[in-house]
Amino acid sequence: MGWTQLAQQCLVEEDEAIIALNKPAGIAVTGERHDTDMVELAAAEGRTLYPVHRIDKVTSGLVLFAKELSAHGSLTRQFNKQTAEKRYLVITPATDVPDTGVIDLPLSVGRKNRVRIAAPRETIRRENDTWTVADGDLLAGKNYPSRTEFRTIARTDRHTLVLVRPITGRRHQIRVHLAWIGYPIAGDPLFDKSDAYSRTHLHSWSLSLEAPWRTDPNLTLLATPGEDFFGTPAGPIVDDPAALLEGITNDLGAVAGNHRSGDR
């Protein structure tokens, strides 16, 4: 698939400075050693794109590119300052996920460049649905403070649908954080060896940030998950995903506004 076809099929928003796409799972954003990525596809057709953020190849959903360097700098600063509001949808086969939770666990890079919690698994402590490790239990070497907040949206007898807000934006953060506290993402090749799923059920769903060149600078983008996100070889996980998502979409405007005004 070429860039023009991909952009037409996956377009969420475009103006003179940005383009946002609803990326299918299995396509890389940029920097893949052995696979063609979205930036390369665009370059092959004479389009220069600057990724504002990245999502993993196995992750579907919203990805934002700048078409101008001036816009790229303004947008990436919001990610660096943690003022960009990100929301992901996750399906896990765990059925004991609490209603809400905070994962405040630093990450480090271990053998074979694999991201891990920067402490032994047995030192992770849970108190009032917050997961932490003591400073004295951190492994030697560099670690990166990382925080993920989540809220359970729906439950079945075999799965839980979770809305996840990564405060920091570390590589593999959501995948590692959830797996290390016992809630691995369904189909994640890093942590789920069941072969029961045809894809990784992690979706970049919404992004709220400021686009100062627009008349209304408050920009909120939504990328609706495809049917494959809510389906498994054994059947659908959620019977009416559209109705379910509509029920939580209405909360996003207020949440994004509170975040931009400093409410963490």
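The legends below describe several close-up views of a predicted model.

View 1. Strand β2, which covers residues 18–23, is mostly covered, since six of its six residues are buried. In a regular strand the side chains alternate between the two faces of the sheet. In β2, I18, A20 and N22 point one way while I19, L21 and K23 point the other way, and all of them are buried. Strand β1 (residues 11–14) runs antiparallel to β2 and is joined to it by three bridges, and a hairpin of three residues connects β1 to β2. Within this pairing, E13 stands opposite A20. Strand β2 also runs antiparallel to β4, with six bridges between them, and the bridge partner of I19 in β4 is F65.

**View 2. The ring pair of W3 and F65.** A pair of aromatic rings is described by the distance of the centres and the angle of the planes. The structure has four aromatic pairs by the rule used here, and one of them is formed by W3 and F65, whose ring centres are 6.4 Å apart and whose planes stand at 90 degrees, so the pair is edge-to-face. This pair links distant parts of the chain, with W3 in helix α1 (residues 3–10) and F65 in strand β4 (residues 60–66), 62 residues apart. W3 is buried, because its relative accessible area is 1%, and F65 counts as buried because its relative accessibility is 0%.

View 3. W131 belongs to strand β10 (residues 130–132) and F150 to strand β11 (residues 147–155), so the pair ties together parts that are 19 residues apart in sequence. Both W131 and F150 are buried, and ring pairs link W131, F150 and Y183 into a cluster.

**View 4. The surroundings of R199.** R199 lies in the loop between α4 (173–180) and β13 (202–210), and this residue is buried, with a relative accessible area of 9%. The side chain of R199 makes a polar contact of 2.8 Å with the side chain of S60 and another, of 3.2 Å, with that of D228. Leaving aside neighbours within four places in sequence, the residues in contact with R199 include A25, V58, A186, G187 and F229.

**View 5. Salt bridges between parts of the chain.** Side chains of opposite charge can pair when their charged atoms come close. The structure holds 14 salt bridges, and in one of them the closest N and O atoms of K67 and E14 are 3.0 Å apart. K67 lies in the loop between β4 and α3 (69–80) and E14 in strand β1, so this pair ties together parts that are 53 residues apart in sequence. K67 is partly exposed, with a relative accessible area of 24%, and E14 is also partly exposed, at 37%. In another salt bridge, R175 and D56 meet at 2.7 Å, N to O; R175 is in helix α4 and D56 in the loop between β3 (50–51) and β4, 119 residues apart.

View 6. R147 forms a salt bridge with E149, the closest N and O atoms being 3.1 Å apart. R147 is partly exposed, with a relative accessible area of 30%, whereas E149 is buried, at 15%. Salt bridges that share partners join E85, R87, D104, R147, E149 and R165 into one network.

Methods
Residues are numbered from 1 along each chain as its sequence is written. This is a predicted model: local features need pLDDT of at least 70, side-chain atom pairs count only at pLDDT 80 or more; totals for chains, interfaces and linings use all residues. Side-chain values use heavy atoms; hydrogens and water are left out. Helices (H or I, at least four residues) and strands (E, at least two) are DSSP runs, numbered from the N terminus. Buried means under 20% relative accessible area, exposed over 50%, partly exposed in between (1.4 Å probe, protein chains only). A polar contact is a pair of N or O atoms within 3.5 Å; within protein, one must be able to donate a hydrogen and the other to accept it, and residues adjacent in sequence count only if both atoms are side-chain atoms. Contact means heavy atoms within 4.5 Å. Rings of Phe, Tyr and Trp (its six-membered ring) pair if their centres lie within 6.5 Å; planes under 30 degrees apart count as stacked, over 60 as edge-to-face and the rest as tilted. Two strands pair if DSSP finds at least two bridges between them. A salt bridge is a side-chain nitrogen of Lys or Arg within 4 Å of a carboxyl oxygen of Asp or Glu.
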